[in-house]
Amino acid sequence: MNMEQRIKNLYDRIKKACDKAERDISEIQVVAVTKTVSTDRIEEAYKWGFRNFGENRVQEAREKIPNLAHLKDVKWHLIGHLQKNKVKYAVRMFDMIQSVDSEQLAYEISKRAKDNIDVLVEVNTSMEPQKHGAKPDEVFDLVEYVLSLEHLNLLGFMTVGPYPVSEKGSKRAFSLLREIRDKAEVKFDRRFPILSMGMTEDFEYAILEGSTMLRIGRGIFGERTY
Ligand SMILES: *Cc1c(COP(=O)(O)O)cnc(C)c1O
């Protein structure tokens with residue numbers, strides 16, 4: 001399958017899931033996840049219309065993003081864990097950091113950022129110990145802290161669904177993130193419009209549970225060869 005066919009299949013699936021959820025497809029943004037993907041294939045995805053791209057490692061992003069500066073109107077999202085000593089690079093390259101999961105990290109981003117930067121709070125909705133993300137019962141304290149910091153523009157929440165994918169597990173994780181968002185909107189009396197949840201294998205469940213931002217790698221670029 002080539003990229004064009006994969007993208008067509010992807011949007012067929014997204015459309016079907018939206019129909020089932022009785023949602024409009026315009027509510028769903030797709031971040032094309034480009035980890036391990038070469039810059040020429042990223043340019044090809046750009047030609048097919050993608051404008052949001054996600055990388056999970058700062059080092060890899062530093063090797064690729066500067067070579068793609070000619071692509072106009074592109075937003076880069078950091079979707080992987082961020083170490084404090086890499087924050088200074090991350091705030092320069094990324095338009096959105098989706099993986100804020102501790103007060104120390106939030107503080108470091110606030111300190112290093114020259115301009116405002118969009119962020120999401122990452123939540124470990126499946127409580128798998130090897131996973132990053134704030135614990136569900138610590139999220140509101142972290143949100144309160146993030147809101148108190150300069151330069152951080154908190155737009156919502158991100159989670160990685162459980163693996164292996166199952167309908168029950170995925171729905172449980174994604175509905176938990178939506179509940180956290182809904183409660184946070186009441187508690188802090190402001191909108192958090194972005195729910196970043198859903199990847200190639202589980203995004204239908206995410207759309208049913210209210211996702212507004214899918215992070216899709218293999219569904220666009222094919223299997224990764226590490
Ligand atoms: C790799 C990755 C994705 C995309 O995964 P696919 O299964 O290729 O769609 C999404 N989110 C995060 C955090 C990732 O690391």
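Select arginine 218 and the ligand: an N or O atom in the side chain of arginine 218 is 2.7 Å from an oxygen atom of the ligand. This is a polar contact, meaning a pair of N or O atoms within 3.5 Å. The model is predicted, so local features need pLDDT of at least 70 and side-chain atom pairs pLDDT 80 or more, while totals for chains, interfaces and linings use all residues. Residues are numbered from 1 along each chain as its sequence is written, and side-chain values use heavy atoms, without hydrogens and water.

Next, select lysine 35. One of its polar side-chain atoms lies 2.7 Å from a ligand oxygen. Then select glycine 217, where a polar backbone atom is 2.9 Å from an oxygen atom of the ligand. On its own the ligand has 390 Å² of accessible area (Shrake-Rupley method, 1.4 Å probe), and the protein covers 92% of the 390 Å².

Finally, move to helix H1, residues 3-21. Select lysine 15 and aspartate 19: their side chains form a salt bridge, N to O 2.9 Å. The term means a side-chain nitrogen of Lys or Arg within 4 Å of a carboxyl oxygen of Asp or Glu. Because the two residues are four apart in H1, about one helical turn separates lysine 15 from aspartate 19. By this rule the structure has 17 salt bridges.

How values were computed:
A polar contact is a pair of N or O atoms within 3.5 Å; within protein, one must be able to donate a hydrogen and the other to accept it, and residues adjacent in sequence count only if both atoms are side-chain atoms.
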